Amino acid sequence: MVKQIEADVVIIGAGITGTTIARELSRYKLETVVVEKGGNAGNQGQTKAAGGMLYTGLVMLMSFILKSMMAPDAPLYDAHSQKIKWLEQGFDMVPQWIEELDIEYRRLITMAIATNREEVKALESLVKFGEGIGVRYASPRWADKKTCLEMEPHLTKDVVASLYSEGDLIHVSPWDIAIAQSENAKQNGVGFMFDTEVIGVLQKNGYQLVKTTRGPVKTRFIVNAAGLLADTVADMGGARDWGLTFVRTLSPILDKRAGKLVHSCLNAPPVPGKGPICNPTVDGNLKVETGSYQPTQDRYDLGAHAGEAMQNILKAKRYIPEISEKDVIRAYVGMRAFNTRDQEENIIEPCNTNPRFINAVVRLPGIIPALPIARHVVELLGDAGLELVTKPDFNPCRTEIPRFRDLSDVERRRLIAQDARYGHVVCRCETITEGEIVEAIKRGARTVAGVRYRTRAGMGRCQGGFCSPRVVNILARELNTPVTQIMDSSPGSPIMPFKSKELLR
Amino acid sequence: MAKETKIICIMCPLACQVMMSMDDKGNITSVINYLCKQGEKYAIAECKFPGRILTTTVLTEGSSHKLLPVKTDKPVPRASLMEVMYSLSQTKVKPPIKMGQIIVSNIKKLGVDVISTDELPA
Amino acid sequence: MNEQAIDVAVIGAGPAGLAAAIKAKEAGAAKVTIIERDEQPGGLLHQCIHNGFGLAYFNEDLTGPEYARRFIEKAMDLKIDIQLESMVLDLTAAKKITVSSRQGLRTVCARAVVLAMGCRERTRQQIMIPGTRPAGIFTAGTAQRYVNVEGYIPGKKIVILGSGDVGMIMARRLTLEGAKVEAVVEILPYIGGLIRNEVQCVHDFDIPLFLGHTITDVIGLKRVEAVTIAKVDKNQEPIAGTETTIECDTLLTSVGLIPENELSLKAGVELDPITGGPFVNDRMETNISGIFAGGNVVHVNDLVDNVTLEAEVAGACATDYAAGKVPPAKRKISLKAGENIRYIVPHTICAEKEVTLSMRVREPGEKMRLRIGNIFTKPLRVVKPSEMLKVDLTREQLGKLDEMTAEIEISIEKR
């Protein structure tokens with residue numbers, strides 16, 4: 001007999017939105033359970049697809065302009081819109097947030113490059129536009145050719161001038177935040193059910209029953225943070241007057257060699273077909289931006305197309321001539337959802353027919369406003385009758401797995417002296433040690449992807465070719481599970497399903 | 001019945017496609033389409049006895065190494081390779097094993113021994 | 001603290017590292033150390049359980065482990081210090097090496113260094129096969145390690161992309177282990193590996209070979225379920241309407257190898273963008289004085305015997321350097337890749353001692369002639385990009401060079 005799990009709140013989805021809400025709820029004396037289809041927090045859907053750019057200022061300004069060109073009839077910028085308010089509030093909360101979660105981040109300069117007089121004009125009108133909006137957007141500075149090349153020595157010599165700003169862009173790995181928040185929420189008492197799919201919600205007398213592939217969960221409130229599947233999950237809770245549309249992007253990730261060539265987030269002037277070029281990532285790779293979204297009917301349309309990636313690289317190469325298509329170590333497809341009611345906005349509200357079922361349907365950018373949105377969801381839950389009694393022992397801080405590669409030799413020596421496994425490098429491309437992998441497993445990684453997203457093992461230039469057999473062995477040893485049952489990411493994705501000689505019998 | 005076979009020579013990158021004709025008794029009657037003596041020699045040998053050194057592994061017991069690499073000491077007829085594999089899948093060895101040690105002698109009565117190609121330390 | 005001063009440090013204990021260390025020791029270096037990240041010396045030879053090694057070097061047909069064992073035993077006889085499970089974190093131009101292991105961090109200060117890190121496989125993402133990213137996609141070498149060392153089989157129905165040697169060898173290996181290899185798919189109109197492997201690994205087992213084809217889609221969200229292949233045109237673009245879908249649970253890629261030189265870059269070693277390895281002179285010395293390189297870290301060889309020979313040069317010259325016995329070269333002559341030559345190793349020669357040149361061609365051709373400046377010609381019946389060309393130049397031949405020669409062009413021409 002499976003023990004019936006009882007909760008005050010069930011959150012469906014452990015992406016950025018779900019884990020932020022979970023962590024916010026863990027401040028209160030509540031039983032919260034997060035149900036996630038995938039094997040780890042932040043490993044799938046929109047969170048995995050997110051670019052990890054936490055921005056305001058110049059980047060936001062350029063996105064406004066691009067949007068106005070693509071949809072000339074739409075209202076350009078409404079500083080009072082809920083979305084913009086949350087973005088601005090959220091950006092101001094970022095430093096404390098990432099400090100508490102102890103995740104890696106990288107502050108970047110934003111640079112918009114002009115290579116001819118027309119583009120300079122485009123940038124001039126950008127400045128004017130920003131001044132019209134307000135102080136947050138009015139601060140970009142000009143750099144002449146010489147300064148541009150001093151700031152970015154590998155930039156094309158065709159540069160004439162650029163507009164740049166500091167302090168308005170931070171790069172993070174989106175899944176780092178989701179994983180850190182899931183760990184912190186767990187620390188504060190939240191329960192997590194991974195590899196668990198929600199198959200239905202039943203309305204009972206005074207409670208709701210969430211039926212999952214791992215048994216039912218009895219709960220009073222439900223939060224739908226299911227991202228790409230938010231529509232399907234919403235239907236389980238009640239009626240909806242919105243649907244989802246999907247767009248895909250393809251982002252090639254380049255080797256660290258290329259990452260060293262660029263220091264800022266580089267953009268072309270915001271004119272159609274141009275825009276973002278590339279930016280170094282928090283891991284030191286170079287991410288080439290597409291700047292375009294392709295609509296798709298199929299939310300599982302995750303196949304990459306080589307031509308697409310090549311085009312993007314050729315575009316970036318015009319600005320950074322030294323990068324090469326040979327530098328590509330990975331090209332991933334990102335899927336994003338927009339709601340059909342107002343694709344510019346998020347839907348954060350109780351279901352029309354079920355006040356105890358909150359839909360939190362967040363469109364991109366989803367990381368910047370995550371905290372204000374989560375706090376709003378908590379308020380909505382309170383309005384719906386959830387008692388919010390603060391927990392005196394709530395601890396907002398979580399510590400990261402030691403990052404051997406970033407430590408000084410003195411720190412490395414100390415760490416190895418404490419635990420010899422930190423001296424044994426397993427992933428040679430990213431310099432990830434056995435100690436880090438074992439710690440990731442202790443914190444809940446049960447798959448190769450779980451280890452990869454927590455430690456970066458297998459994310460480097462050889463993409464796990466060397467270390468994956470070793471990671472599989474460590475997983476099997478630590479979890480006391482046969483190698484044949486170690487999964488890549490989720491049930492049904494075994495790495496090595498058969499033992500030697502098994503197929504000969 | 002007379003028969004024709006094509007044999008790709010592996011002696012050099014040229015990879016001559018040597019054509020062999022045989023009479024009904026299996027005697028080679030003609031060899032054509034090769035560019036050097038080596039090719040002719042190889043094709044005749046390959047036609048008479050298409051044998052291969054089989055390299056594979058056997059399971060171990062009581063060792064940190066899960067497998068021991070092995071090979072046959074003489075070529076195995078090509079048609080018998082899988083038969084040898086099925087038979088060897090049942091074999092398990094215990095350390096210590098020295099390199100070159102016989103693991104299975106006269107496997108499947110083919111007149112070849114299976115020998116270890118590495119050591120398995122105790 | 002934890003500092004060790006030695007004559008020659010060799011990074012990597014694969015075939016190149018073992019050969020370099022042995023030669024360094026035999027040439028008279030007192031203290032030779034090999035630093036190896038794996039738990040045993042021998043490198044990839046342990047997973048290459050097939051035969052075909054040693055035909056040139058020992059005149060014997062050996063398997064990978066047998067070939068490795070000969071060098072491991074010799075290194076042990078010579079009392080060469082092999083430090084295992086030791087990862088080099090840093091290397092400086094002053095030849096200071098930082099090493100990490102379970103015992104802690106240590107520093108090795110060497111008079112001369114031989115880079116012998118070998119190469120790694122290109123990953124599928126690098127050539128960007130279209131489709132999803134489910135489990136069940138491996139590089140052929142990773143699969144080889146699982147099958148031959150770890151004791152696991154990746155699947156029952158296999159498709160292999162690329163006809164490199166490792167790919168073809170794995171086609172045979174997986175067939176022997178009871179899996180069904182549904183196809184070997186090669187985008188070029190010819191095989192990427194050695195003819196021996198085409199015959200003995202693919203034809204012997206009647207494995208379908210699709211030349212001039214590529215994979216246009218990978219299907220499956222959790223584990224590979226199928227791949228779609230299509231014919232390609234002259235520009236290697238898939239031809240619409242020629243698609244076939246092959247059910248499979250595993251996709252192996254064998255699409256080439258790249259020298260592993262991230263560490264070399266830390267020391268300021270300059271790399272040749274064509275080979276992916278350091279620029280070297282005829283003593284296998286890189287642009288950083290006292291840092292030598294040998295084997296697949298310099299350029300990808302197709303025979304281990306050549307790796308051994310090349311690393312021996314690096315090892316012996318490293319010992320000379322460590323002993324201060326290097327006469328300054330009077331001349332530095334560049335070897336220029338001319339018609340249908342993709343690269344030449346070494347990149348420069350001094351023309352004072354005999355040298356072995358290793359070359360690869362760009363395009364296959366028949367009835368060709370190799371021309372090395374005005375000092376050497378050789379008719380070649382056939383040339384193929386997959387088969388390395390080797391030429392030994394004697395002192396006598398090099399003596400024909402004009403005093404003022406600064407560059408020699410090497411080319412392949414039609415006879």
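Ser101(C) counts as partly exposed, because 19 C-beta neighbours lie inside 10 Å. The cut-offs are these: a residue is buried with 20 or more other C-beta atoms within 10 Å of its own, exposed with 12 or fewer, and partly exposed in between, with C-beta atoms placed from the backbone. This is a predicted model, in which local features need pLDDT of at least 70 and side-chain atom pairs count only at pLDDT 80 or more, while totals for chains, interfaces and linings use all residues. Residues are numbered from 1 along each chain as its sequence is written, and chains are lettered from A and ligands numbered from 1 in the order in which they are written.

**Ser101(C)**

- Ser101(C) sits in strand S7 of chain C. Helices (H or I, at least four residues) and strands (E, at least two) are DSSP runs, numbered from the N terminus.
- Leaving out residues up to four places away in sequence, Ser101(C) touches Gly423(A), His424(A), Glu85(C) and Ser86(C). Contact means that the C-beta atoms of two residues, placed from the backbone, lie within 7 Å.
- Asn287(C) is 186 residues from Ser101(C) along the chain, and their C-alpha atoms are separated by 29 Å.

**Chain C against chain A**

- Here 40 residues of chain C are in contact with 45 residues of chain A.
- H4(C) gives the most to the chain C side, with five residues.
- By class, that side of chain C has 13 nonpolar, 15 polar and 12 charged residues. Ala, Val, Leu, Ile, Met, Phe, Trp, Tyr, Cys and Pro count as nonpolar; Asp, Glu, Lys and Arg count as charged; the others, Gly among them, count as polar.
- Strand S23 (residues 498–499) of chain A pairs with S11(C) in the antiparallel sense, over two bridges. Pairing requires at least two DSSP bridges between the strands.
- Lys499(A) stands opposite Tyr152(C) in S11(C).

**Chain A against chain B**

- Four residues of chain A are in contact with six residues of chain B.
- The chain A side has one nonpolar, one polar and two charged residues.

**Helix H11 of chain A**

- H11(A) covers residues 370–383, 14 residues in total. From first C-alpha to last, H11(A) reaches 20 Å, close to the 20 Å expected at 1.5 Å a residue. The expected span is 1.5 Å times one less than the number of residues.
- Its buried residues include Leu371(A), Ile373(A), His376(A) and Leu381(A).
- The buried residues of H11(A) pack against elements of chain A including strand S1 (5–12), helix H1 (16–25) and helix H4 (82–101).
- Just after H11(A), Gly385(A) takes a positive phi of about 115 degrees.
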